[in-house]
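Biologist: I would like to learn how to read a structure. Can you take me through one, feature by feature?

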Amino acid sequence: MTDLSIEVCGIRYPNPFVLASGPPGTNGKVIQRSFELGWGGIVCKTICLESDKIINLVPRYGKLKSRKNPKDVIGFQNIELISDRPFEVWLKELTECKKAYPEHVLIASIMEEYNKHAWVEIVERTQETGVDAFELNLSCPHGLPERRMGAAMGQDPEIVEEVTSWAKEASSIPVYAKMTPNITDPTVPARAAVDGGADGLSAINTILCIIGINLDTFQPMPTVEGYSEPGGYSGQAVRPVALRQVMEIARACEGKAISGMGGVETAEDAIQFMLVGAQTVQVCTGAMLQGYEMITDLCDGLSTFMNERNIARVDDFVGKALPYFTTHAGLVLRQQKAKREKAGQSNRDTMWGGDIAKETDTLVTD
Ligand SMILES: Cc1cc2nc3c(=O)[nH]c(=O)nc-3n(C[C@H](O)[C@H](O)[C@H](O)COP(=O)(O)O)c2cc1C
């Protein structure tokens, strides 16, 4: 059997597929079920110290469906906040999960207010459960930014660096910072997290969206007492945006662990995230729509991909697409060079005779 395991930040994952923070990791029972079914790891639903401040609404989901096949969900909006379950209950359940499944990777997603004491407390108390790593939720796009949490922190590089350094200082296990896509240049907060000491970057959280407006009532969806708010977009529609952001973060933060996500539904989707630099790939909406059992197809698909190409280890193909990204100028130079070559013209005395990669690709990283 193909070896699908991978070691990242000293943690061995039985396979690179990780359930992302959200409904799939909503309590200890479903976390244990995900391990039984074979997921390599799971990030629990984001927890905080004072869950009574978290008020979740019904309805809180909206779907964008295919015009041709309305059963096919293309995009998914949520206005769900982080976990509203008590912190003490979470501590007990995380401890039980780690005891029952020591070989599987359990990552605690945590969020707090802009307050060093709170971040230190949540890190110190949560790591006593035996979780393998932290993911700092600096990216929830709705509700929590009104309280200067989530994406409100992730959009401010100084705060990203500061909060990451607080968590790192208190943590004895690896710390990932989860990035918001709701920003012009995703590499800015990613680099700030690295400056704060992050071991890894997770990307992307959901993209701010409005899933639709009811043409009879004029009310936006999901509709709560006649009103709505922009929410977080996920599912297959976001995958191209996510791939671009993960690629840029991977290039900007070379050597750091990357956990990629956004619209993964098949092994082929996941492999593409790995090719742009992600060692592990997370799935949230895909598992909500298809069920936890999709892990079998993900593992089978990855094995087939590796076997067909004689790839022995998952590590061997992570990041292999990164060298093929350049700038528009880089593409123009390459095409002009190729045309000259085809026409039998020498490139020797032209700038194409030089090192094209040097001439152009530096533009990307400068
Ligand atoms: C209903 C729902 C709830 C979510 N809750 C959280 C959360 O509590 N913490 C978090 O970091 N991300 C949360 N996310 C974001 C996902 O972890 C993931 O970053 C995003 O949905 C993109 O991946 P996907 O397309 O596979 O869903 C949630 C997503 C959804 C759809």
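This is a predicted model: local features need pLDDT of at least 70, side-chain atom pairs count only at pLDDT 80 or more; totals for chains, interfaces and linings use all residues.

Biologist: How many residues of helix 8 are buried?

Modeller: A residue is buried if 20 or more other C-beta atoms, placed from the backbone, lie within 10 Å of its own. Helices (H or I, at least four residues) and strands (E, at least two) are DSSP runs, numbered from the N terminus. Helix 8 (residues 267-275) has seven of its nine residues buried. Among them are I271, F273 and M274. Just after helix 8, G277 has a positive phi of about 115 degrees.

Biologist: At what angle do helix 6 and helix 7 pack?

Modeller: Axes are lines fitted to C-alpha atoms, for helices over the stretch in contact, and angles run from 0 to 180 degrees between N-to-C directions. Helix 6 (residues 187-195) and helix 7 (residues 239-252) pack at about 40 degrees, with axes 9 Å apart. Angles under 35 degrees count as roughly parallel, over 145 as roughly antiparallel, 65 to 115 as roughly perpendicular and the rest as oblique. Helix 6 and helix 7 are therefore oblique to each other.

Biologist: Which residues come nearest to the ligand?

Modeller: A residue is near a molecule if its C-beta atom, placed from the backbone, lies within 6 Å of it. Of the 27 residues around the ligand, A20, G22, S234, C284 and T285 come nearest. Strand 6 (73-78) and helix 9 (285-290) each give two or more residues to the shell.

Conventions
Residues are numbered from 1 along each chain as its sequence is written. A residue is buried if 20 or more other C-beta atoms lie within 10 Å of its own, exposed if 12 or fewer, and partly exposed in between; C-beta atoms are placed from the backbone.
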